[in-house]
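The sequence and the model are shown first, and the description follows.

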Amino acid sequence: WNPHRCVVSGGATAAGCVESKSMEESVRVHGFRWPLHPLQVLSWVVFGGDVLVYLIICIPMIETVAAQVVVTSCFVISVIFLVVSTFLATKCDPMDPYVLRDESLFK
């Protein structure tokens, strides 16, 4: 964290910038940084529960084995795609790269 990057023209401090060590600790560079948000963990638990309920209750309701295989394959592929996409989105830095830049660079 560079406090000089938080200073805007006239010596004022940009919104959300606090010149202290706690600022460095509170800025998240990705979504896996501890402590995890309770709603983030809850979403993982709910999604896992949804997958289990679908596989345990819904798949057996399909009458033919061939249809079960097709539906299960499509479902598993979509779950894998969703998990990989969620992982990539969670590990990326959500901050706009231009937020903390010096305004004089844009003139």
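A residue counts as buried under 20% relative accessible area, as exposed over 50% and as partly exposed in between, with a 1.4 Å probe and protein chains only as cover. The model is a predicted one, in which local features need pLDDT of at least 70 and side-chain atom pairs count only at pLDDT 80 or more, while totals for chains, interfaces and linings use all residues. Residues are numbered from 1 along each chain as its sequence is written, and side-chain values use heavy atoms, with hydrogens and water left out.

The chain has 3 helices and 0 strands, where helices (H or I, at least four residues) and strands (E, at least two) are DSSP runs numbered from the N terminus. Of its 107 residues, 12% count as buried. The accessible surface, computed by the Shrake-Rupley method with a 1.4 Å probe, comes to about 8,200 Å², and 70% of this belongs to carbon and sulfur atoms.

Helix H3 covers residues 65-91, and its end C-alpha atoms lie 38 Å apart, which agrees with the 39 Å that its 27 residues should span at 1.5 Å a residue; the expected span is 1.5 Å times one less than the number of residues. Its buried residues are Phe75, Val79 and Thr90, and what covers them includes H2, contact being heavy atoms within 4.5 Å.

The structure holds 1 aromatic pair. Tyrosine 54 and phenylalanine 75 form this pair, which is tilted, at 4.2 Å centre to centre and 35 degrees between the planes. Rings of Phe, Tyr and Trp (its six-membered ring) pair if their centres lie within 6.5 Å, and planes under 30 degrees apart count as stacked, over 60 as edge-to-face and the rest as tilted. The pair links helix H2 to helix H3 across 21 residues.

| Residue | Relative accessible area | Class |
|---|---|---|
| Valine 53 | 47% | partly exposed |
| Tyrosine 54 | 26% | partly exposed |
| Phenylalanine 75 | 19% | buried |

Valine 53 is found in helix H2, residues 38-58. Together with Leu52, Leu55, Ile56, Ile57 and Met61, Val53 forms a nonpolar surface patch with about 600 Å² of accessible area. Patch residues have over 30% relative accessible area and no salt bridge, with like charges joined within 9 Å and nonpolar side chains (Val, Leu, Ile, Met, Phe, Trp, Tyr) within 5 Å; a salt bridge is a side-chain nitrogen of Lys or Arg within 4 Å of a carboxyl oxygen of Asp or Glu.
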